[in-house]
Amino acid sequence: MWNEEVRAIILHIVGARPQFIKLAPVIRAFREMDIPYAVLHTGQHYDHTMSDLHFTSLGLDEPHFHLGIGSDSHARQTSRMLEGIEEVLLRETPAFVLVYGDTNSTLAGALAAVKLGIPVGHVEAGVRSFDRRMPEEINRVVADHVSDHHFCPTMNAVSLLRKEGIEGILTGDVMYDALLQTRREDLTHPHALPFVLVTIHRAENTDVPEKFAGIWTGLKLLSREIPVLFPVHPRTRHRFPDLLQDGAPNLNLIEPVSYLTMLAMVRDASLVITDSGGVQKEAFLLGTPCVTVRDTTEWPETVQAGANTLVAAEPEALCRSARSMMGLKVALKDNPFGNGKASFAVAGFIREHYL
C-alpha cells in the first residue's frame, strides 16, 4: 500500500516485457527527481522468463500492485484489467497515470484512468504502423485519443499525431535511455559467433499457421548457411509444439533470455530477424541489420536509414532478404530516437505540472 500521507502519487501501469524495459529508465528518473510513484503490473506477461526475469535484470523493485491477469482473449483480458485497475485507482486516487507502448495493459490503463477523470500520459505516443489488423495498432490509437499528454519518441510520431489533431511532446525514446544505461560489461551471452538471431511472436505471424510455417521453412533453409538462434516466446512454443520439433542441426531453439542477455545477442548477431517493434529499434541502435517479417512497421525510421527491411512470411523471400542484409554496416548518425534523456523529459514534465 502507498503512504497515505503522500497525496501526489504517480502510478505507472505496465504488463509486458517491452513495457518493463521502457519503465526502468523512467523509474530511475523519478527516483533522481524525488517524484513519488507506484507501479501496477497487470500480469499480462506472467511467465517467469517474460516477467519476473526482466524486473530483476532491469533493477526494478517488485511492483506495488500485481493483478495476475494472465492470458485470455483480448476482450476478456482487457475487461479483467479494467476491473482490477479501476479498483486500485478508486482506492489510491493517484494524481497522474502513465501508460506505456501498445499492449492491452496500455489500453486498459488509459481507459480506466480517463473514465475516472485521472490525467493520463502515454509514453511512446504517436507511433503508427497503419495496420488495423494488429491489436497493438488499435491499442496505440485509442490510448493516444483518450490521453491528456503524449510523450513522443520521434519527430515522425509528433507529425503523425498532429495529423490526428493531437499535439505531442517530443521527448525521445525511453528504450534508447534504457540501452545507454546498461553497463557494457553486463552485456554477455554464451553463444559462439557468427549467428542470426530470431524472435517471432506477433499474432499476425503466429495466429496464421501457414505464415509461421513459411517463416519456419525459411529459417531452416537459412540455417544451412549460418547458425540460427531462436529464443522462443511462450506463446509461439504453445501454438506450434510439433512444428518446432521438426528443426535443423543449426537451428537452435532456446528459452527467452533476460533483457541484458538479449541486448548482447542483438549486438553480436550478424543479422536479426524479428516481428517485434522493440527488437527492430534495439537492432538499429546497436548497429545490427534487421529483417522484419511484417507488411508494415511502426518504426519507419529504421527502414529509411537502410538498417531494416520488411519481408513477407515466405521461405525464399525471407532467405533473400537475410542474405542481402547480413553483415551490413549500420551507422548510427542523426539518431531519430533522441539523446538518451527521454525519461528525464517525461519525469520533468510531470513534476512541473502535477506535483
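This section describes the central sheet, the packing of helices and cores around it, and several backbone features of a predicted model.

The sheet is open and holds seven strands in the order β3-β2-β1-β4-β5-β6-β7, with parallel pairing. Its edges are formed by β3 (65-66) and β7 (169-170), each of which pairs on one side only. Within the sheet, β1 (residues 10-14) and β2 (residues 37-41) are joined in the parallel sense over five bridges, and Ile10 stands opposite Tyr37 of β2. Four bridges join β4 to β5, two strands that also run parallel, and here Leu98 is placed opposite Gly121 of β5. In β5 (residues 120-123), Val120 and His122 point one way, whereas Gly121 and Val123 point the other way, and all of these residues are buried.

The C-alpha atoms of Leu11 and Thr93 lie 9.4 Å apart in space, although the two residues are separated by 82 positions in sequence. Thr93 belongs to the loop between α3 (74-92) and β4 and, with a relative accessible area of 52%, is exposed.

The largest nonpolar core comprises 57 residues, and those with the most contacts inside it are Phe30, Leu98, Leu197, Tyr259, Val272 and Ile350. At least two residues of this core come from each of β1, α1 (17-32), β2, β4 (96-100), α7 (174-180), α12 (259-268), α13 (277-285) and α16. The greatest contribution is that of α1, which gives eight residues. Apart from this core lies another, made up of 26 residues, among them Val198, Phe240, Leu244 and Ala322. In soluble globular proteins, nonpolar side chains tend to be buried together.

Buried positions in α16 are Ala342, Ser343, Val346, Ala347, Phe349 and Ile350. Seen down the axis of α16, these buried residues fall within an arc of 160 degrees, so they line one face of the helix. An α-helix has 3.6 residues a turn, so residues three or four places apart point the same way.

Helix α1 also includes Lys22, a residue that counts as buried because its relative accessible area is 5%, under the 20% limit. Apart from neighbours within four places in sequence, Lys22 is in contact with Tyr100, Gly101, Glu124, Val174 and Met175.

Towards the β7 edge of the sheet, helix α6 (residues 155-163) lies across β6 (149-152) and β7, and runs at about 145 degrees to β6. The buried residues of α6 are Ala157, Val158, Leu160 and Leu161. These residues cover an arc of only 165 degrees around the axis, which puts them on the same side of α6. They pack against α5 (135-146), β6 and β7. After α6 comes Gly165, whose phi is positive, near 80 degrees.

Further backbone features concern residues other than glycine. Most residues other than glycine have a negative phi, and most peptide bonds are trans. Thr93, however, has a positive phi of about 45 degrees although it is not a glycine. Phe130 likewise has a positive phi, near 60 degrees; Phe130 is placed in the loop between β5 and α5 and counts as exposed at 61% relative accessibility. The peptide bond from Leu193 to Pro194 is cis, with omega near -5 degrees, and Pro194 is found in the loop between α7 and β8 (196-199).

Technical notes. Residues numbered from 1 in each chain as written. Predicted model: local features only at pLDDT ≥ 70, side-chain atom pairs only at ≥ 80, totals over all residues. Heavy atoms only, no water. Pairing = 2+ DSSP bridges. Contact = heavy atoms within 4.5 Å. Axes fitted to C-alpha atoms, helices over the stretch in contact; angles between N-to-C directions. Buried < 20%, exposed > 50% of the residue type's maximum accessible area, 1.4 Å probe, protein only. Arc of directions from axis to C-beta. Core = buried A, V, L, I, M, F, W, Y, C linked by side-chain atoms within 4.5 Å.
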